[in-house]
Amino acid sequence: MRLKALLFDLDGTLADTDRLHEQAWLEGLAQHGLRADHHFYQTQISGGLNPEIVRRVLPWLSEAEGELFLAQKETRFRELAAGVKPLPGLRKLWVWAQSRGLRRALVSNAPRANARFMLERLGLEFDLVVLSEELPAGKPDPLPYRTALAQLGLGPEAALAFEDSPSGVRAAVGAGLRTVALTTGHRPEALAGAFLHIADFTDERLWTWLEGHDPAGP
């Protein structure tokens, strides 16, 4: 079956924002006496759902205190991300998908305020936005991707997913999707399950694959 849709994660996939989230998280955790580092961020935070992260790493906070922490953390992230740019090659991929009538869906663990902020900064509009915080389960559960496929009316064989975190790759692969992993925040060995690992969307191996599954092809 030829390609009919592209499904994208947000942070670390559309733009290299992982380091900005890391800075915001580590600054916030330090205010609560937790001196975390890059390894801690990658293994305990990256790709997770915010409320679950807070319950795990700051278990002494009340629900209200946890919500305040997250609000402050996301405000700080948006300050850091004011000048965010799309990953190299994303615009080319966007035009390619539009010219072939491919549907595009955003599937993210990001809070809605961050998703809206990022899409405005990047100048992107999706046919569908699926956010884990509005579902019974988020990544690494496959539910967000299964929800996107159901709303698009497609089987997993008709779509391609782009992810950058171990939890995101597990979610996409668990939904039966062929998955391309962006290595913006993690080494390829941490992104097992993806069939292709790329630094950005200019990688010729990606374009060779896309040409072989081009819906406009013969």
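**Aromatic pairs in a predicted model**

Good morning. A search of the whole structure finds 9 aromatic pairs, where rings of Phe, Tyr and Trp (its six-membered ring) pair if their centres lie within 6.5 Å, with planes under 30 degrees apart counted as stacked, over 60 as edge-to-face and the rest as tilted. The model is predicted, so local features need pLDDT of at least 70 and side-chain atom pairs count only at pLDDT 80 or more, while totals for chains, interfaces and linings use all residues. Residues are numbered from 1 along each chain as its sequence is written, and side-chain values use heavy atoms, leaving out hydrogens and water.

I begin with F8 and F201. Their ring centres are 6.3 Å apart and their planes stand at 65 degrees, so this pair is edge-to-face. F8 is in strand β1 (residues 5–8) and F201 in the loop between β6 (196–198) and α9 (204–212), 193 residues apart; helices (H or I, at least four residues) and strands (E, at least two) are DSSP runs, numbered from the N terminus. F8 is buried at a relative accessible area of 0%, as is F201 at 0%. Buried means under 20%, exposed over 50%, and partly exposed in between (1.4 Å probe, protein chains only).

I turn to W96 and W207. This edge-to-face pair has 6.0 Å centre to centre and 90 degrees between the planes. W96 lies in helix α5 (residues 90–99) and W207 in helix α9, so the pair ties together parts 111 residues apart in sequence.

Finally, ring pairs link F8, W94, F126, F162 and F201 into a cluster. Thank you.
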